[in-house]
Amino acid sequence: MTQAVEIFTDGACKGNPGVGGWGAILRRGSEERELFGGERATTNNRMELRAVIEALAMLDAPCMVRVHTDSQYVQKGISEWMAAWKRRGWRTADNKPVKNQDLWQQLDVLAGRHEVQWVWVRGHAGHTENERADALANRGVRSVSLA
């Protein structure tokens, strides 16, 4: 494994569903990179997932990664629920299809390339990098709204 990478992510949606955006900060040592993007018709959960997917997709070699997210949906989904979803053929405990399966499967593949620690942080609570990721996600919303 190469050097450790810190990733901070957030998603935003104006309406749910509605116009959404995602933002991420990647930090390796003293280097940082900011990413953001958006979609016209999406949900907050899809944008939370997209932020992590896009950040992990930027890593070109296996890394030790710590992903910080304010989304319990993402944090619990990947670390608690996904194994059971996969065993049940991407179905929930009550036998319904897993929502956002396409993104969960992408995240599963990308996370599988790295050694990932999933860290939940309280959103909008003054966590500097989470506030920055939130600002990037809102920038993603604006980029789609103005296009």
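**A close look at helix 2**

Mentor: Let's start with what helix 2 hides: Tyr-73, Val-74, Gln-75, Gly-77, Ile-78, Met-82, Ala-84 and Trp-85 are buried there. Keep in mind that this is a predicted model. Those buried residues pack against helix 1 (44–57), strand 4 (63–69), helix 3 (101–112) and strand 5 (115–120).

Now for the length. Helix 2 covers residues 72–87, and at 1.5 Å a residue its 16 residues should span 22 Å; the end C-alpha atoms are 21 Å apart, so the two values agree. There is also a bend to know about: helix 2 has a kink of about 60°, centred on Trp-81.

Next, the helix 3 side. The axes of helix 2 and helix 3 cross at roughly 95° and come within 11 Å. An angle from 65 to 115 degrees counts as roughly perpendicular, so that is how helix 2 and helix 3 sit relative to each other. On the helix 2 side, the contact is made by Tyr-73, Val-74, Gly-77, Ile-78, Met-82, Trp-85 and Lys-86. Helix 3 brings Trp-104, Leu-107, Asp-108 and Ala-111 to that contact.

What does helix 1 keep buried? The residues are Met-47, Glu-48, Leu-49, Arg-50, Ala-51, Val-52, Ile-53, Ala-55 and Leu-56.

Now follow the chain out of helix 2. Just after it, Gly-89 takes a positive phi of about 70°. Then comes a backbone point worth a second look. Most residues other than glycine have a negative phi. Trp-90, however, has a phi near 60°, a positive value in a residue other than glycine. Trp-90 lies in the loop between helix 2 and helix 3. Asn-95 lies in that loop too, and its phi is near 65°, again positive in a residue other than glycine.

Are Trp-90 and Asn-95 buried or exposed? Trp-90 counts as buried because its relative accessibility is 11%, and the cut-off for buried is under 20%. Asn-95 counts as exposed because its relative accessibility is 51%, where the cut-off is over 50%.

While we're on backbone geometry, here are two spots elsewhere in the chain. A cis peptide bond joins Asn-16 and Pro-17, with omega about 15°; most peptide bonds are trans. Pro-17 is found in the loop between strand 1 (2–15) and strand 2. Further along, strand 2 (residues 18–28) and strand 3 (residues 31–42) pair in the antiparallel sense over ten bridges, with Leu-26 standing opposite Arg-33 in strand 3. Their hairpin has two residues between the strands, and Gly-29 takes a positive phi near 60° in it.

Technical notes
Residues numbered from 1 in each chain as written. Predicted model: local features only at pLDDT ≥ 70, side-chain atom pairs only at ≥ 80, totals over all residues. Heavy atoms only, no water. Helix = DSSP H or I, 4+ residues; strand = E, 2+ residues; numbered from the N terminus. Expected span 1.5 Å × (residues − 1). Bend = angle between axes of the 7 residues up to and from the residue. Buried < 20%, exposed > 50% of the residue type's maximum accessible area, 1.4 Å probe, protein only. Contact = heavy atoms within 4.5 Å. Pairing = 2+ DSSP bridges. Axes fitted to C-alpha atoms, helices over the stretch in contact; angles between N-to-C directions. Parallel < 35°, antiparallel > 145°, perpendicular 65-115°, else oblique.
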